[in-house]
Amino acid sequence: VDAAPATAAAADDNGGAAATPADDDAQKKIDEQQKQNALTTDQLNKIQADIAAANKLVNVKETIDVLFPEYQDNPRPGFMSGLQDLSGRYASLRRVRGDGNCFH
């Protein structure tokens, strides 16, 4: 007589169906995935904070001429002439943090 009310209570807690081992396994997988997602997010936030701490969002002005030694070994044809063109059009540049957060 007591078994029927316990079964009914279990059925009510689980949307009308008793919990199965498969349900428990599915919930464990969901819980593990949520834990991994939280760890990944925490790690990403730490990496972004480290990058932000080490690099300014917008750096100081530099002359365009600083690009010549930096790209002197670039194998693309016309690249260095493009730098020459830039140095004729602009007097300076400001480097920005290369973290993927673009702004204009």
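Which residue meets Lys-46 in a salt bridge through its side chain? In this predicted model, the partner is Asp-50, and the N to O distance in the bridge is 3.0 Å. The two residues lie 4 positions apart in helix α2, which spans residues 21-54, so about one helical turn separates Lys-46 from Asp-50. Lys-46 counts as exposed, because its relative accessibility of 51% is over the 50% limit for that class. Asp-50, at 41%, counts as partly exposed.

The chain as a whole contains 4 helices and 2 strands. Along the sequence these elements follow the pattern α-α-β-α-α-β. Of the 104 residues in the chain, 7% are buried. The accessible surface of the chain amounts to about 8600 Å², and carbon and sulfur atoms account for 55% of this area. Among contacts between residues at least 6 apart in sequence, 68% join residues that are at least 24 apart.

The charged side chains are considered next. Side chains of opposite charge can pair when their charged atoms come close. Across the whole structure, 4 salt bridges are found. Besides the bridge between Lys-46 and Asp-50, one of them joins Glu-62 to Arg-95, with the closest N and O atoms 2.7 Å apart. Glu-62 belongs to strand β1 and Arg-95 to strand β2, so this pair ties together parts of the chain that are 33 residues apart in sequence. Both partners are classed as partly exposed: Glu-62 has a relative accessibility of 22%, and Arg-95 has a relative accessible area of 28%.

A salt bridge is also formed by Asp-85 and Arg-89, whose closest N and O atoms are 3.0 Å apart. Asp-85 and Arg-89 both lie in helix α4 (residues 79-89), with a spacing of 4 residues, or about one turn of the helix. Asp-85 is partly exposed, with a relative accessible area of 39%, whereas Arg-89 counts as exposed at 60% relative accessibility. Salt bridges with shared partners also join Glu-62, Glu-70 and Arg-95 into one network.

The nonpolar residues form a further part of the picture. The largest nonpolar core consists of 5 residues, namely Ile-64, Leu-67, Phe-68, Leu-83 and Leu-93. Leu-93, a member of this core, touches Val-60, Lys-61, Glu-62, Thr-63, Ile-64, Val-66 and Leu-67 when residues up to four places away in sequence are not counted. Two of these contacts, Ile-64 and Leu-67, also belong to the core.

Residues up to four places away in sequence being left aside, Met-80 touches Phe-68, Tyr-71 and Gln-72. Met-80 and Leu-67 are 13 residues apart in sequence, and their C-alpha atoms are 9.4 Å apart in space.

A pair of aromatic rings is described by the distance of the centres and the angle of the planes. The count for this structure comes to 1 aromatic pair. Tyr-71 and Phe-79 form this pair, with 5.3 Å from centre to centre and 50° between the planes, and the arrangement is tilted. The angle falls in the tilted class because planes under 30 degrees apart count as stacked and those over 60 as edge-to-face. Tyr-71 is partly exposed, with a relative accessible area of 31%, and Phe-79 is likewise partly exposed, at 27%.

On the surface, Leu-57, Val-58 and Val-96 form a nonpolar patch, with about 230 Å² of accessible area together. Val-58 lies in strand β1, which covers residues 58-63. With a relative accessible area of 37%, Val-58 is partly exposed. Another member of the patch, Leu-57, is among the residues in contact with Arg-97.

Arg-97 is located in the segment after β2 (92-96). Its relative accessibility is 18%, and Arg-97 therefore counts as buried, the limit for that class being under 20%. Apart from neighbours within four places in sequence, Arg-97 is in contact with Ile-51, Ala-52, Asn-55, Lys-56 and Leu-57.

How values were computed: Residues numbered from 1 in each chain as written. Predicted model: local features only at pLDDT ≥ 70, side-chain atom pairs only at ≥ 80, totals over all residues. Heavy atoms only, no water. Buried < 20%, exposed > 50% of the residue type's maximum accessible area, 1.4 Å probe, protein only. Contact = heavy atoms within 4.5 Å. Patch = residues over 30% accessible without salt bridge, like charges linked within 9 Å, V, L, I, M, F, W, Y side chains within 5 Å. Areas by Shrake-Rupley, 256 points an atom, 1.4 Å probe, with all protein chains shown as cover. Core = buried A, V, L, I, M, F, W, Y, C linked by side-chain atoms within 4.5 Å. Phe/Tyr/Trp six-rings, centres within 6.5 Å; stacked < 30°, edge-to-face > 60°.
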